[in-house]
Amino acid sequence: MLRKKTSGVANGPLSSSFIGKAAETVVDRRAFLRGSGLAIGGLATAAALVGSNVTPAQAVGSAASVEIRKSVCTHCSVGCTVVAEVQNGVWTGQEPGWDSPINLGAHCAKGASVRETASGERRLKYPMKLTGGKWVRMSWDDAINEIGDQMLDIRKKSGPDSVYWLGSAKHSNEQAYLFRKFYAYWGTNNGDHQARICHSTTVAGVANTWGYGAMTNSYNDMHNSKAIFIIGGNPAEAHPVSLMHVLKAKEQNNAPVIVCDPRFTRTAAHADEYVRFRPGSDVALIWGIMWHIFDNKWEDKEFIRQRVYGMEDVMAEVKKWDPAETERVTGVPGSQLKRVAKIMANNRPGTFVWCMGGTQHTNGNNNTRAYCAFQLALGNMGTAGGGANIFRGHCNVQGATDFCVLSHSLPGYYGLSAGAWKHWARVWGEDIDWLKGRFDSLKGKDGKSKSLMNMKGIPVSRWIDGVLEDKDNMDQPDNLRAMVFWGHAPNSQTRMKEMKTAMEKLDLMVVIDPYPTVSAVLSDRTDGVYLLPATTQFETYGSVTASNRSLQWREKIIEPSFDSLPDHTIIYKFAKKFGFADRMFRKIKVTDDEPYVEDVTREFNGGMWTIGYTGQSPERIKAHMANQHVFDRTTLQANGGELDGEYYGLPWPCWGTAEMGHPGTPLLYDTSKPVAEGGLCFRARFGVEHEGNNLLAEGSYPVGSEIKDGYPEFTMGMLKKLGWDGDLTAGERAAIEKVAGDKTNWKVDLSGGIQRVAIKHGCAPFGNAKARVKVWTFPDPIPLHREPLYTSRRDLVADYPT
Amino acid sequence: MILTSGRLVEYEGGGDETRSNPWLAELQQDMFVEMNPFDANGKNIRNGDMVWVKTPEGAQIKVMAQVTERVAKGVAFLPFHFGGHLEGKDLRSKYPEGADPYVLGESANTAFTYGYDSVTLMQESKCSLCTIERV
C-alpha cells in the first residue's frame, strides 16, 4: 500500500513468507532482493532501468554485439514502445521508445520493468499436472494428448458447449483472431475474454450511440483539448503515460481538468475541480450537470439538429435532475455542478475520459450512454480535442475485442447470424455445412431445432453459473465440464467463493499462461488441473492495437524461455489433436507447429471490412514501427518521407485493401476531412427512420462528399442507383455478383470494391447518420439512474428501482 | 459501508505477472483497504491494523487498514490486483515450486458480490456493501 518511506524503510508488517525473513528489521531494496535470492545481477539490472538517453561509455566497445529490438509494453492499452538490447540471445538492457509518438521516451514503473516479465524466474516453466495434490512435470506432447483426449470425450458425451474457451486481452491480434476461429471450429460460442468485465458496457453503449464501440480520438489528440473531463478513471495510476498528454493540454492550453470520482485519486490530485460523488450515481451526476447546460441553453443546437437523434427525450429526463434532486442522490452540491457545466461550456472542444469506474456497474450501459449524450449536447464529437476518449485497460484488449474473442460475435462484430457465418466461411475457404455440423442444436419452444451456432454463448462473467446452474435452465445440452483459462486472471472476477466451488465441480481445468495465476491455487482440487507455459509477447511477434485504434508491430526480443510456447503454436497443437488443423490453417503456412504470423494478419485483412482492419498489411504496420520518428506527436500524421500523410499505426478504420493506401482514421466521425484522408461521419447502423423520424444526418457530411446530406450504408444496388457502379473493376464486379448480386452489402464484399468506390466519391461506406441518444432496443432507451443492487440508500430504491 | 475498487500503478490486472516482478513487488507488499478516519476511529481501527472486510453474501477478506481521507466517510476502497490468499488463508504452498509470486494477498473480488448489467452482463465491481472490523 502507499506509504511514505522514511530513510528507505518500508514500515508495516509483511505477510508473505519470503519477505518475512527480512521484515523483522527493515526492508530496503537490497534487503528485499537478498531476501528473494535475487541480489546477483540486481545492480546490473538497476543500471539498465535508469531511464536515461545516454549510452554508457563502456558500451562503445561491445556495441557490435548488441542488437536492438522493438516491442510494445504488455500492460495497459497506451501502447508504449519498449526498446530492448539483446546480447547473445539474452535481453540485457531496456530503454523506453524515444521515437514513439505515443510514449515519447517515457515509461511507468510497470513499463520500465517488463524485461523481468519475460526473463523472470517466477515463470511457469514446464507443462505440469496436478496429481494427488502434487504438481508433476510433463512433456508438451503428453499434455496435449491427455487434455485433448479428455476434451474429445466430453465433446462426445456432453457436446462441444461443455468446454469453455476463455481467452485473453494479452493475445496479439493474430492470436486473438486464431483463438476466435479455433473455438468456432471446435463448435461452440462458449468463448470470451476480459473485455466482458472491462468495457463491454462501453462497447455496447457507444456502438449503439454512434456506430463504433471504441475510443474516438487518441491520447495525443488531447493536446488539442480546451477542457478535460475524467470520470471513473484514474489514468495517473492505470495509464500513467497517458497523463503526460493530459498535462500537456493543461499547461499549453490552460485546459481545466475536472475529475469526478468517489475517491481522491492521484489523478484527482491534478484536477482543477474535483467532484466527489457517491459510487453508482453516475447517470444522476451527468444529468445534474446537463441540467445547468440546458437551463442556460449552452447546448450546441446546430450540431444536435444535424447529427443527433432523440435529444429532446434526454432533455425531458434531465429536467427532473434539478440541483436539489441531484444533490440528494449523488451528494454533490448544485453550485459545484453549475461551475463544472460552465467550464465545459466555455472551453470547447473538451474531451471526456472514462474507465472502469463508469463501466463496471449493473447500470453500466446507462452510464456510458449518458457520457455520450453529454458530449453530443456540447457538440464535442468528431472534432480534434473533443471526443469520447475511453481508455482501455490491457495491451490488446481493443484488438481482442475487435477480433471478438467474445461469446456473442464473430470477428469484426459481424454477430452470429447465418449471414455472418457465411461471410467468415468465405474468408476461411470453409464449407459452411461442415462448420454447421460442428455445433450442437436445441429444440426451441416451437418444437423447431435451433443451431447453437447462431445463439450467444455464456459470457465469462457467468461461467460459474454455467457449471453450477441446473442444466435444465440452460440453453445448451449439458453443464460446463472443462474450463480453459488462457491468459486470464480469475481474481478479476467477482463472486470468488462461488468460483472456487465451480472450479471444484469441473472435470478438467487447463491454465495456459506465462505465470501459474490464481487459477492454479484457488480451488481445493487435487487432480485434473493442467498448467501449460505460454510465452510472454516479448518472446514472439505480431500486431497489437492500442486504445486509440493504432496497430503496432512487436518484434520477437528473445526466444521462448524454458518450455514455453507462443499462443498461436499452442492453438495449432490443439487443432491438430482435434483433427481440424488442415482446414483451419489452409491459408496459413505452418513450420514446426508454429503458424506464420504474417499469413494470419493477411487472412484477417481479407475479412475485417466492418471496422477497417483491412488496410493494415504486416508490411505497412512494420514500416510505421520502423519509422516512428516521422510522425507528428499531436496529429500522429507522418510529415514527409515515404509514409507522408499516413497516421501512426493506421488507426482503424483503415479502409479498403492495403494497395488502396488509406491513411487510417485518427479521429472518428470527423467531418472536416475527406473519408479518403481519415474523415468520417456517424454510422448509419440503426435504419433510416424511427417512428417516422429521419435517422440520417441533415446537411452534415465529410468534406468532399458528393452526397451533400445523410445516406444509408452502401450496397451494390445503391452504387447502381447512384450510377457509380461503372467505377468498379471487372474483378470487383465479379466478386460482388458472387456474394449476393445487388443486395451485396459493403461489409461482405470481399473485393472491397463497394467501399473503394464509395470513398472515391467522398462517402463513408457505412452511411451517414445521426448519433442516437435514445437506444430503443435497450431496456432503458434513455439512460436512467438506477440504484445499485447493493445500495446504501434504500430510501432511494422506490424512486429509482434497481 | 459502500465498497468500491480500483487499480494501483505498480500492478496490472489480476497481478500475477507484476506481483512476480521483484522491482514492482517491492513497492506494494500488502493488500489493503482504504477507509476514512471517521469510520476507522469509530471502530477503533488504526492505520496498519489488520481488519476483516465482510460482505452481504457471506465472504470475508483479511487485509491491512489504510486510514486516509482519500475516501469519503462511509466508503471503503480495495485495490484489485492481489491474489493467493483466501479468507485469511495463505495459499502459497499450493503453487508449483519456484513459480509463486513474490507478493500474495486477498483478492478484492472475493468480497464483490452478485450483480450484472442488463445488456452486456458486465459484473458489478465498483459498488457493493461491507462492514469492517478489527481482526
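1. The model is a predicted one. Chain A exposes about 27100 Å² of surface, and 51% of this area is supplied by carbon and sulfur atoms. Of the 802 residues in chain A, 65% are buried.

2. As to its secondary structure, chain A contains 30 helices and 25 strands. Its radius of gyration is 26 Å, close to the 28 Å that the globule rule gives for 802 residues, so chain A is as compact as a globular protein of that length. The C-alpha trace of chain A spans about 65 × 65 × 65 Å along its principal axes. When contacts in chain A between residues at least 6 apart in sequence are considered, 70% of them join residues at least 24 apart.

3. The charged side chains of chain A number 93 positive and 87 negative, with the centres of the two sets 2 Å apart. In chain B there are 13 positive and 19 negative side chains, and here the centres of the two sets lie 6 Å apart.

4. Chain B is built from two helices and 10 strands. Read from the N terminus, the order of its elements is β-α-β-α-β-β-β-β-β-β-β-β. For 135 residues a compact globule would have a radius of gyration near 14 Å, and the 15 Å of chain B agrees with this. Along the principal axes, the C-alpha trace of chain B spans about 40 × 40 × 25 Å.

5. Buried residues account for 71% of the 135 residues in chain B. The chain exposes about 3900 Å², with carbon and sulfur atoms supplying 47% of that area. Of the contacts in chain B between residues at least 6 apart in sequence, 68% join residues at least 24 apart.

6. How much area is buried between chain B and chain A? The value is about 7800 Å², and carbon and sulfur atoms give 58% of it. On the side of chain B, Glu17(B), Trp23(B) and Tyr102(B) lose the most area to chain A, together 11% of what that side buries. In terms of contacts, 82 residues of chain B meet 99 residues of chain A.

7. One site that involves both chains is Asn234(A), which lies in the loop between β8 (227–231) and α10 (235–238) of chain A. Is this residue, Asn234(A), buried or exposed? Its relative accessibility is 11%, so Asn234(A) counts as buried, the cut-off being under 20%. Leaving aside residues up to four places away in sequence, Asn234(A) touches Arg7(B) as well as His239(A), Arg263(A), Thr265(A), Arg266(A) and Thr267(A).

8. Asn41(B) is placed in helix α2 (residues 37–42) of chain B. Because its relative accessibility is 58%, Asn41(B) counts as exposed. The C-alpha atoms of Asn41(B) and Val67(B) are separated by 9.2 Å, although the two residues are 26 residues apart along the chain.

9. Helix α30 (residues 753–760) of chain A has six of its eight residues buried, so it is largely enclosed by the rest of the structure. The buried residues are Gly753(A), Ile754(A), Gln755(A), Val757(A), Ala758(A) and Ile759(A). They pack against α28 (716–722) and α29 (730–740) of chain A. After α30(A) comes Gly762(A), with a positive phi near 80 degrees.

Methods: Residues are numbered from 1 along each chain as its sequence is written. Chains are lettered from A and ligands numbered from 1 in the order in which they are written. Side-chain values use heavy atoms; hydrogens and water are left out. Helices (H or I, at least four residues) and strands (E, at least two) are DSSP runs, numbered from the N terminus. The radius of gyration is taken over C-alpha atoms; the globule rule is 2.2 Å times the number of residues to the power 0.38. Buried means under 20% relative accessible area, exposed over 50%, partly exposed in between (1.4 Å probe, protein chains only). Contact means heavy atoms within 4.5 Å. Accessible areas come from the Shrake-Rupley method with a 1.4 Å probe; for residues, only the protein chains shown count as cover. Lys and Arg count as positive and Asp and Glu as negative; His and the chain ends are not counted. The place of a charge is taken as NZ of Lys, CZ of Arg, CG of Asp or CD of Glu. Buried area is the accessible area (1.4 Å probe) that two parts lose on being put together, summed over both.
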